[in-house]
Every structure is written in structure tokens, then in C-alpha cells.
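Hi,

Here's the structure I said I'd pass on.

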Amino acid sequence: MGATPAQIITKVLLPEAMPSIVSQLTTVIIALVGESAMAGAIGGGGLGDLAIRYGYQRFRPEVMLATVIILIVLVQLVQFCGNTLSKYLNKR
């Protein structure tokens, strides 16, 4: 058809693959949020460390509940934005 390999990649392959790429990137970001919370539980810092140190060890369930709610809201926000962007990029 006269297109160079770079044009084929940028004009055909990448737009067709973009919804899948965005969906997988959303999954990776959510997994990273979960893993960072778990890393905080073993001393890695972050929200997990806050929940363990100030909520669990000091017997303050409201701190534990607040960090869990923050994590749930963060994951839901990332999931919603990823799904919306993926649907917008889907040409079907």
C-alpha cells in the first residue's frame, strides 16, 4: 500500500492495540497499589506502614478503617479511569 513500517506501526497497529494496552496498564497500577500496601506492612513505608504502625499496633481501628477506605477509593478511581479511557479508545 506504500506505507513505511513506521507508518504501519503508528497508524494501524498502535491504535488497534491501545485499548488493550490501557487495560493492562490499569491492571498493573492496581497491582502496584496493592503491593505497596503490603510492602508497608513489612516496613517498606506508605499506607501499609501507616495502617500497621498507627492502626494495628496502637489498637486504633479508625486509622485502619481510614487507610482501607483510602486504598479502596484509590483502586476504584484508577479502575474507573482506566475503563473509561479504554472504552473511549476502542473503535469497535
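A residue counts as buried when its relative accessible area is under 20%, worked out with a 1.4 Å probe on protein chains only. T67 comes in at 3%, so it is buried by that cut-off. Keep in mind that this is a predicted model.

T67 sits in helix 3. Its side chain has a polar atom 2.9 Å from the backbone oxygen of M64. If you skip the neighbours within four places in sequence, T67 is in contact with L47, L50 and A51.

Now the helix itself. Helix 3 runs over residues 61-89, which is 29 residues. From its first C-alpha to its last it reaches 42 Å, close to the 42 Å expected at 1.5 Å a residue. Which residues of helix 3 are buried? They are V63, T67, G82 and S86. The cover over these buried residues includes helix 1 and helix 2, the latter being residues 47-56.

On the helix 1 side, T26 is the one I looked at. T26 belongs to helix 1, which spans residues 5-41. Its relative accessible area is 6%, so T26 is buried too. Again leaving out neighbours within four places in sequence, T26 is in contact with V78, Q79 and G82.

Cheers

How values were computed:
Residues are numbered from 1 along each chain as its sequence is written. This is a predicted model: local features need pLDDT of at least 70, side-chain atom pairs count only at pLDDT 80 or more; totals for chains, interfaces and linings use all residues. Side-chain values use heavy atoms; hydrogens and water are left out. Helices (H or I, at least four residues) and strands (E, at least two) are DSSP runs, numbered from the N terminus. Buried means under 20% relative accessible area, exposed over 50%, partly exposed in between (1.4 Å probe, protein chains only). Contact means heavy atoms within 4.5 Å. The expected span of a helix is 1.5 Å times one less than its number of residues. A polar contact is a pair of N or O atoms within 3.5 Å; within protein, one must be able to donate a hydrogen and the other to accept it, and residues adjacent in sequence count only if both atoms are side-chain atoms.
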